[in-house]
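Me: I would like to go through the labels given to this model and see what each one rests on. Please set the values against the cut-offs.

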Amino acid sequence: MTLLGESVGGGLPPQQVGAQGAQREVSAPGGLGRYAVRRILTGFGTLLFVIVFNFVLFRLLPGDPIGMMTRGKDVDQQQLAELRRQFNAPLPEQFWSYIRNPFSSNLVSLQSGESVWSVIGDSFWPTMLLLGVSTIASASIGIWLGIHSAWGRGGKFDQITTGSTLTLYSMPEFWLGMLLLIFMSTGVGPFPGFFPSGGISSPGDDLGMVAGWLDLAWHLFLPALTLTLVYLAEYSLVMRSSLIDEMEQDYLKTARAKGLRDKLVRRRHAVPNALLPTITLVFLNVGFVVSGAITVETVFSWPGLGYLTYTAIQGPDNQLLQALFLLFAFAVIVANVIADLIVATVDPRVRA
C-alpha cells in the first residue's frame, strides 16, 4: 500500500509503480523466481501425497473387481486367471507399478472394459464447456455486483444484491437445479417448459453445423445457469469485502483529496488492488467446481465428468473412480499453484 500511496502523491500511475516494484522483487534474492520454484515443489509434494493416498484408499474398498468386470460376459478360465493374477499381485508390486505412472493407460474401466483415461477423455470437454461458461458468467457478474455494492454500501442496491446472492449461495446445487428443471423445463401451471430436461444435444443434431451449436447452447443453458447462480455470491461477497477494506486505505483518501473523481478513484486505484483475492478465488473454484459439478451434471444428465462419477459410483467401478479422484485432486492442486503464482506476480507483497 505504501507504494501505491506514494504513486498517488507523486503523480505516477499505479501500474508503473507496480511494474517497478515487481522488477525490484524479481532481481532481489527470494523474488518471484524463487517463490515460483518453492510453490511448484510444494504442489508436487502435495500431488505425490494424493497419489499415495489414492492407491491406499481404493485398495481398502470392498468389492470384487474381477466379478464386476466379467459380469454378464463369457470369459474363459485362462483370461479369468490372467485377470486374477493382475488384480491380486503383491501390494508392493501394485504400488510400484501405480506410482511410476498413475496416469497409465493400462488402468481399465470395470464397466466398459476400456482404458479409464479414454473414458474420462470422452467426458472431459462437456465438463470444461459447462465450467468455462458458468465460471466466466458468475465471475463477471459477481465482480460487477461486488464493486457496486461496496461503493454504495448500505444502499438499496447493496441490500438487494447481498441478500439475493446469499440466498442463492445457501441453496444446494442439486436442489436449485431441480427447481429450475421444474419451472423452466417441465413447466408449471399455465407456464410451459421451454428448455430440454437433460442431455447435451437432440438426437440427430450435428455439432459441425450452426444448428447443432445452437442446440448445444439450448441444452447448456439450465446447468450453466444453476452453477452461475450458486457461485455468484462467492465472487460478489469476496469482491465487496475486499473493496470495502481497500476504501479505508490512506492512498485512496489522498487520491480523493487531490480532487480525483470517485469513478476514477474506484477504477484506477481501488478496484485493481481489491481484485487480488477474487483472482485467487476464480482459479480455486475452477479446481473445486470440477468435482462440485457432479450433482448438477447428474440432475441434468449432462455427460461430463460429474455424471461419469455418478455412474462409476453406481457400479461400483473402482478403477474409474480412482482415476477420477486423482484427476479432481490434480485439478485443485494445479489451480492452487497457478492462483498463487498469478497473485505473487501482481502483488510483490505476497512473495515478500
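Reply: To begin with, buried residues make up 43% of the 352 residues in this predicted model. Its secondary structure comes to 15 helices and two strands.

Me: Why is D340 counted as buried?
Reply: Buried means under 20% relative accessible area. D340 has 18% relative accessibility, so D340 counts as buried.

Me: What makes the pair of D340 and R39 a salt bridge?
Reply: The rule asks for a side-chain nitrogen of Lys or Arg within 4 Å of a carboxyl oxygen of Asp or Glu. The closest N and O atoms of D340 and R39 are 2.4 Å apart, so the pair is a salt bridge. D340 lies in helix α14 (residues 318-346) and R39 in helix α3 (residues 32-60), so the pair ties together parts 301 residues apart in sequence. R39 is buried, with a relative accessible area of 16%.

Me: How many salt bridges does the rule give?
Reply: The count comes to two salt bridges. D158 forms one with R240, with the closest N and O atoms 2.8 Å apart. That pair links helix α8 (residues 156-170), which holds D158, to helix α10 (residues 210-247), which holds R240, 82 residues apart. At 4% relative accessibility, D158 counts as buried.

Me: Why is F103 called partly exposed?
Reply: F103 has a relative accessible area of 35%, so F103 is partly exposed. F103 lies in the loop between α6 (91-100) and α7 (116-151). With F330, V334 and I338, F103 makes a nonpolar surface patch of about 280 Å².

Methods: Residues are numbered from 1 along each chain as its sequence is written. This is a predicted model: local features need pLDDT of at least 70, side-chain atom pairs count only at pLDDT 80 or more; totals for chains, interfaces and linings use all residues. Side-chain values use heavy atoms; hydrogens and water are left out. Patches are made of residues with over 30% relative accessible area and no salt bridge: like charges are joined within 9 Å, nonpolar side chains (Val, Leu, Ile, Met, Phe, Trp, Tyr) within 5 Å. Accessible areas come from the Shrake-Rupley method with a 1.4 Å probe; for residues, only the protein chains shown count as cover. Helices (H or I, at least four residues) and strands (E, at least two) are DSSP runs, numbered from the N terminus. Buried means under 20% relative accessible area, exposed over 50%, partly exposed in between (1.4 Å probe, protein chains only).
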